[in-house]
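Dear colleague,

Please find below the structure that I am handing over to you.

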Amino acid sequence: MLFAINQDKCNRCGICAAVCPARIIKFKDRNSFPVPLNGASLVCIECGHCVAACPQGAFSHRDMQPEDCIPIEKKAPLSPEQVEVFLCSRRSIRVYQEKPVEPGTLKRLIEIARYAPTARNMQNVYWIVIYDKNELNRLGGLVIDWMRHLIRENPEIARSLHYNVLIEEWERGTDRIFRGAPHLIIAHAPARDHYAAENCAGALAYLELAAYAMGLGSCWAGYFTTAARAYQPLKERLTLPQGHSCFGAVMVGYPKHRYYRIPLRNKPVIEWR
Ligand SMILES: Cc1cc2nc3c(=O)[nH]c(=O)nc-3n(C[C@H](O)[C@H](O)[C@H](O)COP(=O)(O)O)c2cc1C
C-alpha cells in the first residue's frame, strides 16, 4: 500500500490531495478517507508533501512516517529583511585560512544540500569530498595540465581565457584553481538524467549558503568543473561511477578576511507582461 491514513486523526480536510504534485490521492466522497488512485505507486515521486502538509499528522507514506519528520515551527525562522541581508552578503571566498574544516561540518553541509529542489524529486546528486590537501593539489595539477594541453591544441582560445597566466602563477606557487582552499566538494550525477546539471547546481547553491551560515567560505571551482568533463587524465583520477559527469564543485574552508559591505550588482532586467 502506498500510504495509510490514521482514521482517528484524519479530519478529511483534503490538503494531502491538494498538495500532491502527481494528483494521485482521491476522496470517494466528502465523508471518506483519502485513497490512492490506481497505479499511484508508479507515478508517486516520493516528495513527502502529503505527510508534510497534513495538519493532523494522520498521513503515513510507505517510506515516510510523520513522526520521523522534523516539525516546522509556525513562526518563520528569519524575517524577510534578515533573509535579504543573508543572501546578498554571501561572497565567493578566494582567500582561506590554513585550518581544515571538521569532516562532520562538511557532511552537515551536504545533508542540508539534499533539500535543494530536484526535478521530479530525483535526488540524483552524488558527492565527493576531496578532504586531503595533497589530493586537492594533485587535482589542481591535472587542471593545469589540461590548460597546457589546450594551449597546444587550441592556442587562441586558451590565451583568450588567460590560461597561460594561470599556468605561470601555478608554477610560481599561486593556486588560482582552488585558491588555496583546504577542501573541495564535487557534485556529480548520471549524465543522461534530465536536469542533472540543474539539480547539481541547485544543491551546490544550497551548500554555499549553508556554508556561509556556518562561518565557512566557499567558491565555485569553474576551471576544475570544465576540466573534469573534458580531460581524460582528470576523469581517470576522479573515477566517477560509469555514466556520471561532474556538474559542479565548490571549494570550502574558513575565510581569511571578512567583508564590510555588499558590492553593487547590475539592475535586474525584468519584462512585465
Ligand atoms: C558556475 C560558476 C563557476 C565559477 N568558477 C569560479 C572559478 O573557477 N574561480 C573563482 O575564483 N570563482 C568562480 N566563480 C565565482 C564567481 O566569479 C562569483 O560568483 C562572481 O564573481 C560573483 O561574486 P560573488 O559570488 O562573491 O557574489 C564561479 C561561479 C559560478 C556560478
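**Findings**

The protein chain is divided into domain 1 (3-68) and domain 2 (84-253), with bounds that come from an automatic or database domain assignment. The C-alpha centres of domain 1 and domain 2 are 39 Å apart.

Two remarks on reading the model are needed. Residues are numbered from 1 along each chain as its sequence is written. The model is predicted: local features need pLDDT of at least 70 and side-chain atom pairs count only at pLDDT 80 or more, while totals for chains, interfaces and linings use all residues.

**The sheet**

Helices (H or I, at least four residues) and strands (E, at least two) are DSSP runs, numbered from the N terminus. Two strands pair if DSSP finds at least two bridges between them. In general, the strands of a sheet pair through backbone hydrogen bonds, either parallel or antiparallel.

Here, four strands form an open sheet in the order E5-E6-E8-E7, with antiparallel pairing. Strand E5 (126-130) and strand E7 (217-220) are the edge strands, each pairing on one side only. On average, neighbouring strands of this sheet are turned by 25° against each other, direction ignored; axes are lines fitted to C-alpha atoms, for helices over the stretch in contact, and angles run from 0 to 180 degrees between N-to-C directions.

Strand E6 (residues 183-190) is joined to E8 by eight bridges and runs antiparallel to it; Ile185 has Val250 in E8 as its bridge partner. E7 pairs with strand E8 (residues 244-253) over four bridges, also in the antiparallel sense. Gly217 stands opposite Gly253 in E8, and Ser218 stands opposite Val252 in E8.

Eight of the ten residues of E8 are buried, that is, 20 or more other C-beta atoms, placed from the backbone, lie within 10 Å of their own.

**Helix H10**

Helix H10 (residues 222-230) lies across E7 and E8 and runs at about 155° to E8. Its buried residues are Tyr223, Phe224, Thr225, Ala227 and Ala228. These buried residues of H10 pack against helix H6 (133-153), helix H11 (232-238) and E8, where contact requires C-beta atoms, placed from the backbone, within 7 Å.

**The ligand**

Which residues surround the ligand? They are Arg91, Ser92, Arg94, Arg179, Cys219, Trp220, Ala221, Gly222 and Tyr223, each with its C-beta atom, placed from the backbone, within 6 Å. E7 and H10 each supply at least two residues of this shell.

Yours sincerely

Definitions and conventions. Contact = placed C-beta atoms within 7 Å. Buried ≥ 20, exposed ≤ 12 C-beta atoms within 10 Å, placed from the backbone.
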